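Visitor: Could we go through this structure together? I would like to begin with the overall picture and then turn to particular helices.

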Amino acid sequence: MGSIPDPNDPTESTQPSFDDFQKQTSLMTSCTLLWKELSDHFTNLEEDLRRKSDALKRKIHTLDHDTKASLDNLKKREITIESSVDAAIRKAESSMSAALRLFRGGDDAVSSAVDVAVNFGEVDDSEGMLVKLKEYCEWMDYKEFWKFVTVRKKELETLRAKIPLALSECVDPPKFILEAMSEVFPVDKRGDTCNDLGWACVLLLESLIPVVVDTAVGKDRLMVTPTVRRRAEGIAETWKKSLEERGGIENVKTPDVHTFLQHLVTFGIVKKADVGLYRKLVVGSAWRKQMPKLAVSLGLGDNMPDMIEELISRGQQVDAVHFTYEVGLVDKFPPVPLLKSFLKDAKKAATAIIEDPNNSGRAAHLANRKEQSALRAVLKCIEEYKLEEEFPSESLKKRLEQLEKTKIDKKRTSSTQANKRTRVCNNGPMPPAKAGRLTNAYVSSFPPPPAFVRSPSHQQYPVGPGPLPYTYDRPAPSMYGNTSPPYHYSPEPVPSHPMAGPYSGATITYPAYCFSNGMTASYPQAYY
């Protein structure tokens, strides 16, 4: 049997060393750090999972909301299909009844319609304009309708109010508008020398929107037939292809751009693939009043912050303010600093114009006009968005009045100087100041002198040193150019000169010009 160890035996008892204690301490420290690291890791995992869970819940909630809204919209559209079809049938029946009444009216009704088409310029008031427009629409006479609208640019607001009412009388309003604009859009077929009619195209496209929008559903349903929609898409593609022929987006006229974008919105043919093109076109024509609304309708709402920053970088701060208010980004892009920056840039540009040696003659006028334009734009913006408290306009108005007064004073000064150069005589005003510096040109505001025809049998009269037989109370202007008449109006005696005698050279005979006495003029060759 083994013996039991004696605890008092020094060989059996072991004392812990300091090294063992340090090892245990290091081990505890390592475990503590590892535990802390693992704890932080799992805490981060929990936070990340919670964030992802919250984001997923929000997406599910948004999806449920959008799904419910889409289902409600589909249900509403399904319910309103019957009423929309009934409304379309009633409109077709009404148009058919009107056409039958005109047809049964015989020649009188037809001649009346012809008179309307011929006398398209005779309208007394807005009600008369509406009657004319409705008659064109009833007869689908798009050519006369287009003529009637394009000659009345000064009555734009009246046309804007009456055209939608008249288009409701059309059998197919979208087709009618496309036919009416076909002369100038997508390609102008009239030539380069004609007036721009982009304003008329935009007016018709804007007026068509309330006519084609379903009253029950709204803009989600446009009353446009598939055939007309396909034609509208073809027109848009044709316009895009013509960009290369016009030299790119930079060289396209703003009215053409506005017409194209409004065409897309009116017929609901916006394509997501062309968002980049739409953005470039909108930024290039951002100064147009309707561009912010068009940008939103084209689906550029997500790109709006970048577009606003681009406008600011291009020095179009006022346009940027209009865009910020349209999409509700006023907090991100405060309007007052933008307007102040715009005025500062305009002041610098005016100073640069004055210092430019190439504009020495008109520098003050150009600088004045530049600053006036900037002040008017800022004042209009302050008034439109009610920024008077943040940006008082009194100093701007005083500065504008000062510039306008300077402009008026300069006009008066220039008018006074022009009056000093006017000759008070029966022969009219003085000729232009530059006339005397021209070579080989006789520029005069005097009536042509009477033609003196020397008879072939008449002898030459030498020019003597004495005074001329005609004297005047004050000197007349000297001859202008080297083809002036070979005689002088002067009160001073003409000194004799060796070359003052007649020139006996050969006579130059010009093409026959018969006078009242039947004689043909011939002139001696002379050197001036």
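This is a predicted model: local features need pLDDT of at least 70, side-chain atom pairs count only at pLDDT 80 or more; totals for chains, interfaces and linings use all residues.

Visitor: What part of the contacts comes from residues 24 or more positions apart?

Guide: Among contacts with a separation of 6 or more, such pairs account for 64%.

Visitor: Let us turn to α13 and α14. At what angle do they pack?

Guide: Helix α13, residues 317–327, and helix α14, residues 335–355, pack at about 165°, and their axes are 8 Å apart. Because angles over 145 degrees count as roughly antiparallel, α13 is roughly antiparallel to α14. The crossing of the two is left-handed.

Visitor: Which residues make that contact?

Guide: From α13, the contributors are Q317, V318, A320, V321 and Y325; from α14, they are P335, L338, L339, S341, F342 and D345. By class, the contact of α13 with α14 comprises 8 nonpolar, 2 polar and 1 charged residues.

Visitor: Which residues of α13 are buried?

Guide: The buried residues of α13 are Q317, V318, D319, A320, V321, F323 and T324. Their cover includes α14 together with α10 (275–284), α11 (291–297), α12 (304–313) and α15 (363–385).

Visitor: Next, the pair α4 and α7. How are those two helices arranged?

Guide: Helix α4 spans residues 142–150 and helix α7 spans residues 198–212; they pack at an angle of about 115°, with axes 10 Å apart. The two are therefore roughly perpendicular to each other. Their crossing is right-handed.

Visitor: Which residues meet there?

Guide: On the α4 side they are F145, W146, V149 and T150, and on the α7 side W199, A200, C201, L203 and L204. In the contact of α4 with α7, 8 residues are nonpolar, 1 is polar and none is charged.

Visitor: While we are on α7, is I209 buried, exposed or partly exposed, and why?

Guide: I209, which is found in helix α7, is partly exposed because its relative accessible area is 23%, and the buried class requires under 20%.

Visitor: What does I209 touch, leaving aside its neighbours within four places in sequence?

Guide: With those neighbours set aside, I209 is in contact with Q262 and T266. As for distance, the C-alpha atoms of I209 and P174 are 9.4 Å apart, and the two residues are separated by 35 positions in sequence.

Visitor: One last topic: where does E390 lie?

Guide: E390 is located in the loop between α15 and α16, the latter covering 394–420.

Visitor: Does E390 count as buried or exposed, and why?

Guide: E390 counts as exposed because its relative accessibility is 53%, and the cut-off for that class is over 50%.

Visitor: How far apart are E390 and V336 in sequence and in space?

Guide: E390 and V336 are 54 residues apart in sequence, and their C-alpha atoms lie 7.1 Å apart in space.

Note on methods
Residues are numbered from 1 along each chain as its sequence is written. Side-chain values use heavy atoms; hydrogens and water are left out. Axes are lines fitted to C-alpha atoms, for helices over the stretch in contact, and angles run from 0 to 180 degrees between N-to-C directions. Helices (H or I, at least four residues) and strands (E, at least two) are DSSP runs, numbered from the N terminus. Angles under 35 degrees count as roughly parallel, over 145 as roughly antiparallel, 65 to 115 as roughly perpendicular and the rest as oblique. A crossing is left-handed if the near helix is turned anticlockwise from the far one by less than a right angle, and right-handed if clockwise. Contact means heavy atoms within 4.5 Å. Ala, Val, Leu, Ile, Met, Phe, Trp, Tyr, Cys and Pro count as nonpolar, Asp, Glu, Lys and Arg as charged, and the others, Gly among them, as polar. Buried means under 20% relative accessible area, exposed over 50%, partly exposed in between (1.4 Å probe, protein chains only).
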